[in-house]
Amino acid sequence: MKLDRRGLLTWDWPLAGLLLLALLLDGAAASEVGHEDQRWELPGFLAVCALALLASRWPVVAGVGVAAVLLVWSVVLRLADVTVPSAAGGLGAAEVVAVLAVIVALVRRSSRSTATGLVGLLLLSCPVVGGIRPEHPSAPQDLGWSVILPAVAILAGWYLRVRDARNARELRAVMVAAQLRERVALARELHDVVAHHIGGMVVQAQAAQAVAVPDPGAPARVLPVIERAGADALSAMQRMVAMLQEVGGEPASPTTDLLADLRAATVTPGDATPVRLAVELAEPVPAAVATTVLRLVQESVTNARRYAVDAREITATVRVGDGAVRVQVRDDGRHTDRPRRSGGGGYGLVGMRERVQLLGGRFEAGRVPGAGWQVLADVPLRGE
């Protein structure tokens, strides 16, 4: 299991600071009473602190580990006849903070049965530890430790558990809504793409019927055209249906002028942020891929105009080469979570990523060094 270092820095630094403060308090307490055997305290304190920092990712391991370290090190202290300045219940301040942090993580992350068992184990091990260790003359009463502090830790863990569940439900609802909007749009395009080919087939068939009597060879000349149109329609339909069902398909033939569509999509209306468009189409682009490229540019430009503050220019680059289309849309503004403009859009990053991945491509979006936001996608021209 890989350790999430970014998660440690983002979420666990307050706990690390609190544990460090508790260690300093333990050291000050030992110095105040003239305690000279701090070398016996430090290994156990550091072990439980390290386990507490890992509890957000591995709560079960941390719970079992803290209980084991407390018990084993208490036996060592007893055999060495070393007393530890107690903050509560015979435990040092660092040990108290570590146990409380592990209880919060267990209630938040583990199943109810696992959390109940391990929290009970920790709470039962603490009085046992206090009974094993040599009693310190300045040890305080343990009512707050045995009742109030564990109750606060359990309630805090339960609150975080409920909040995490609510956030997960909201995220799923947002993703489902985005996917639904994307599929409705794809369904419309399914109608448009297939209707284009079928309409051509109908026109060709009608023309062949009209000239069949004066020109008996006309049907033979028209049939290959109808066949190609039917194959294109079937290929386009398979690709579009594959997108709706999240399965692969065959690439569709082009149906529109991609260059003209891109120019129309990047026209600057009124006082909107201008777009600098660069297009290099060295190879023909299939219709389904062209549609995805167009939607990527449209949505990225719309997002930049809505969310980029003080942007002077948006750069949109579309290049074809090495069997793929590379789309790069970048602005030089400062992005915020609130849109500067209303309207437009509707696909979002979820929809764009889904479109690209369904075609077997790669999609990236995020901030760029300095200022601005970039959308980068590589879309294969043909399915693998």
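Buried means under 20% relative accessible area and exposed means over 50%, with partly exposed in between. The legends below describe close-up views of a predicted model.

**View 1. Arg 362 and Asp 378 form a salt bridge between two strands.** With a relative accessible area of 33%, Arg 362 falls between the two cut-offs and is therefore partly exposed. The closest N and O atoms of Asp 378 and Arg 362 are 2.6 Å apart. This pair links distant parts of the chain, since Asp 378 belongs to strand E7 (residues 373-380) and Arg 362 to strand E6 (residues 362-367), 16 residues apart. Both residues also take part in a network of salt bridges, in which Arg 326, Arg 362, Glu 364 and Asp 378 are linked.

**View 2. Glu 313 and Arg 276 form a salt bridge that links distant parts of the chain.** The closest N and O atoms of the two residues are 3.4 Å apart. Glu 313 is located in the loop between strand E2 (308-309) and strand E3 (314-321), whereas Arg 276 is part of strand E1 (residues 275-280), and the two are 37 residues apart. Glu 313 counts as partly exposed at 31% relative accessibility, and Arg 276 likewise counts as partly exposed, at 46%.

**View 3. Asp 164 forms a salt bridge with Arg 163.** Here the closest N and O atoms are 4.0 Å apart. Asp 164 is partly exposed at 23% relative accessibility, and Arg 163 is partly exposed with a relative accessible area of 26%. For the model as a whole, the count comes to eight salt bridges.

**View 4. Glu 95 is a buried residue of helix H5.** The helix spans residues 93-109, and the relative accessible area of Glu 95 within it is 2%, so this residue counts as buried. When neighbours within four places in sequence are left aside, the contacts of Glu 95 are Phe 45, Val 48, Leu 70 and Arg 133.

**View 5. Cys 49 and Cys 126 are both buried.** The relative accessible area is 6% for Cys 49 and 1% for Cys 126. The disulfide count for the model comes to zero.

**View 6. Leu 18, Leu 21 and Leu 25 make a nonpolar surface patch.** The patch covers about 280 Å². One of its members, Leu 25, lies in helix H2, which runs over residues 13-32.

**View 7. Helix H1 and strand E4 mark the two ends of the confidence range among the elements of the protein chain.** Where pLDDT is low, the predicted coordinates should not be read in detail. The protein chain averages a pLDDT of 76, and 68% of the residues score at least 70.

Notes
Residues numbered from 1 in each chain as written. Predicted model: local features only at pLDDT ≥ 70, side-chain atom pairs only at ≥ 80, totals over all residues. Heavy atoms only, no water. Helix = DSSP H or I, 4+ residues; strand = E, 2+ residues; numbered from the N terminus. Buried < 20%, exposed > 50% of the residue type's maximum accessible area, 1.4 Å probe, protein only. Contact = heavy atoms within 4.5 Å. Disulfide = S-S within 2.5 Å. Patch = residues over 30% accessible without salt bridge, like charges linked within 9 Å, V, L, I, M, F, W, Y side chains within 5 Å. Areas by Shrake-Rupley, 256 points an atom, 1.4 Å probe, with all protein chains shown as cover. Salt bridge = Lys/Arg side-chain N within 4 Å of Asp/Glu carboxyl O. pLDDT = per-residue confidence, 0-100.
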